[in-house]
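Have the sequence and the 3D view open side by side, and look up each residue as we get to it.

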Amino acid sequence: MKRWIMLLLSAVLLLVSAGCRAEPETSKQGKNQAPAISVTAEEITIPSTYGLNQWDGSVYDREDTFLSLMSPVQDIKDLPNIRLHQTIRIELDGAAPDSYTLTDQILTKEGKLRYGNAATQDVPITFSGSHCEFELLPNYAASLSSNVKDYEPGATIRGFRLTCSWGDNECEYAFVLRTNAF
């Protein structure tokens, strides 16, 4: 009898855990889904990820999006090198958000903020339908380093965080690239 109860309890737990997901799929935006994102500069795809902050009444405690993007990177040369003044295009696979903010930060090779939140710059963007574009301008914080190697071509790691809201639902997208300091 005990074996039967344990088997039944295990089956119920398995079914419940299979139905619970930490984050929804990122295909077309549906009622319970955040839209997928793609980020490009000319023909170059820029690696991106997302993390839910709050969705369908749930608040998420998760790894920082920059850390999750940078953890598999072995060498910063694996990141796309985007020239300053290139146009970066962000495309969401779904409806444009009700509100949004894009920030730009200088990162370490591990994905941590190099100079803290005080060196965060807001990037002005406007969605047209489900996409927006902006010009990659220099970040003043890139000039704060005393290491001469940080001024070599392509040595500055920049992290962009796009926080979007659809009503009470909020999702944070992130993408990382390297570029010149100036």
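## Getting our bearings

What you're looking at is a predicted model, in which local features need pLDDT of at least 70, side-chain atom pairs count only at pLDDT 80 or more, and totals for chains, interfaces and linings use all residues. Residues are numbered from 1 along each chain as its sequence is written, and side-chain values use heavy atoms, with hydrogens and water left out.

Find strand 10, residues 169-179, and you'll find Tyr173 in it. Is Tyr173 buried or exposed? Here buried means under 20% relative accessible area, exposed means over 50%, and partly exposed is in between (1.4 Å probe, protein chains only). With a relative accessible area of 1%, Tyr173 is buried.

So who surrounds Tyr173? Counting a contact as heavy atoms within 4.5 Å, and leaving aside neighbours within four places in sequence, Tyr173 is in contact with several residues, including Ala34, Pro35, Ile37, Leu92, Phe160 and Trp166. Thr163 is ten residues from Tyr173 in sequence, and their C-alpha atoms are 6.2 Å apart in space.

Tyr173 also makes a polar contact, meaning a pair of N or O atoms within 3.5 Å; within protein, one must be able to donate a hydrogen and the other to accept it, and residues adjacent in sequence count only if both atoms are side-chain atoms. A polar atom of the Tyr173 side chain lies 2.5 Å from the backbone oxygen of Pro35.

Strands of a sheet pair through backbone hydrogen bonds, either parallel or antiparallel. For two strands to count as paired, DSSP has to find at least two bridges between them. In this model, six strands make an open sheet in the order 4-3-10-9-6-7, with antiparallel pairing. Strand 4 (58-59) and strand 7 (121-123) stand at the edges; each has a single partner strand, so one side of each is left without a neighbour in the sheet.

Strand 6 (residues 99-106) and strand 7 run antiparallel and are joined by three bridges. Thr103 has Asp122 in strand 7 as its bridge partner.

## Strand 1 and its two partners

Thr40 has Thr45 in strand 2 as its bridge partner.

Strands 1 and 2 form a hairpin with two residues between them. Glu42 is in the loop between these strands, and counts as exposed at 55% relative accessibility.

Most residues other than glycine have a negative phi, and most peptide bonds are trans. Glu42 has a positive phi, near 55°. For His85, phi is near 75°, also a positive value in a residue other than glycine. His85 is in the loop between helix 2 (65-70) and strand 5, and is partly exposed, with a relative accessible area of 47%.

## Cysteines without partners

How many disulfides are there? A disulfide is a pair of cysteine sulfur atoms within 2.5 Å, and the count comes to zero. For Cys132, the nearest cysteine sulfur belongs to Cys164, 8.1 Å away. The sulfur of Cys171 also has Cys164 as its closest cysteine, but at 7.0 Å that is too far for a bond. Cys132 is buried, with a relative accessible area of 1%, and Cys171 is buried too, at 0%.

## Thr156

Thr156 is in strand 9 (residues 156-166) and is buried, with a relative accessible area of 5%. The Thr156 side chain reaches the backbone nitrogen of Ala181 at 3.4 Å. Not counting residues up to four places away in sequence, Thr156 touches Ile106, Ala142 and Asp150, among others.

Note on methods. Helices (H or I, at least four residues) and strands (E, at least two) are DSSP runs, numbered from the N terminus.
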